[in-house]
Amino acid sequence: MVDTPASPAASASPSAVPGAQAIARAAHLLRLVTSAGDGGAGVGDLAREAGLTRPTAHRLLSALRVEGLVDRDDASGHWLPGPELFLMGSVAASRFDITAIARDIVRSLAVRTEESAFLSVRRGDETVCLVREDGSFPIRSFVLSEGVRFPLGVASAGLAILAFLPPEDVDAYLERHPELSAKWGASHSPARLRSRIADTKARGYAVNPGLIVEGSWGVGAAVFTRTGDPQWALSLTGVEFRFGGERLAELGRILLAHAHQLSTRIAAR
């Protein structure tokens, strides 16, 4: 059985625990570093994304580096995930990771469609990409890769998960995140997100028609726990002309079949 990670929103308020604010800031920086991809990120960008001053961000990153949780590339000055994160992740994987039973399904999805295929997991109000497999088509989208995070409802994986949450959870999520349209565009206003959620439920899979990067399309399908919770998603990304008309419907059918196969495997664990 796969344990479902608790949502951060369900945790106690950071202000209620002594010293929790500093831990929350450090944890936020860790998430930003891991989501920056293989190239890492500079302290200025990390500070801006975390809402911290540059000196505060640098002080926290330096403390995390001493503990081995982050590392710094001397040539670029960028901050990267540290070796201690790998060790911690290896231990946590036995409870939370499904990549071992999902990787061949993600690979099959990439082979069948010739597009880039992904497995993402819900973590609180975000999705995190766990696995990427590139298909044989030479033109690819690089919006998504391992470790990259998006808010629910932004990428196709997160929209697929959001669409199959209970209605009250969707309402609560949209109330918690009024900033989505300001950060991600008018297509992520509550009204338009609700419309896309309804379309996803009717279709069975989510479609992102170039809303993150123009010309880069994505489709996503939810993967469920044994109890029917949408905890993961399979998705495909590619260039716009590969995702139109009858081919989009065919991609959706293939995606749903693979998502159902993975949900069945998870339920059997």
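A salt bridge is taken here as a side-chain nitrogen of Lys or Arg lying within 4 Å of a carboxyl oxygen of Asp or Glu. By this criterion, the structure contains 14 salt bridges. The model is predicted, so local features require pLDDT of at least 70 and side-chain atom pairs are counted only at pLDDT 80 or more, while totals for chains, interfaces and linings use all residues. Residues are numbered from 1 along each chain as its sequence is written, and side-chain values use heavy atoms, with hydrogens and water left out.

One of the salt bridges joins Asp45 to Arg48, with the closest N and O atoms 2.5 Å apart. Both residues belong to helix α2 (residues 43–50) and are three residues apart, about one turn of the helix. Helices (H or I, at least four residues) and strands (E, at least two) are DSSP runs, numbered from the N terminus. Accessibility is classed by relative accessible area: buried is under 20%, exposed is over 50%, and partly exposed is in between (1.4 Å probe, protein chains only). Asp45 is partly exposed at 40%, and Arg48 is exposed at 56%.

A salt bridge is also formed by Arg242 and Glu114, whose closest N and O atoms are 3.4 Å apart. Arg242 lies in the loop between β8 (230–239) and α10 (245–268), and Glu114 in the loop between α5 (99–113) and β3 (116–123), so the pair ties together parts 128 residues apart in sequence. Arg242 is buried, with a relative accessible area of 12%, whereas Glu114 is partly exposed at 33%. These two residues belong to a network of salt bridges that links Glu114, Glu115, Arg242 and Arg247.

Arg176 and Asp125 form a salt bridge with an N to O distance of 2.8 Å. This pair connects distant parts of the chain, with Arg176 in helix α7 (residues 167–176) and Asp125 in the loop between β3 and β4 (126–133), 51 residues apart. Arg176 is partly exposed at 38% relative accessible area, and Asp125 is buried at 14%.

Helix packing was examined for α6 (residues 156–163) and α9 (residues 190–203), which pack at an angle of about 80 degrees with their axes 9 Å apart. The two helices are therefore roughly perpendicular, a term covering angles of 65 to 115 degrees. Axes are lines fitted to C-alpha atoms, for helices over the stretch in contact, and angles run from 0 to 180 degrees between N-to-C directions. The contact (heavy atoms within 4.5 Å) involves Leu159, Ala160, Leu162 and Ala163 of α6 and Leu193, Arg196, Ile197, Thr200 and Lys201 of α9.

Technical notes: Parallel < 35°, antiparallel > 145°, perpendicular 65-115°, else oblique.
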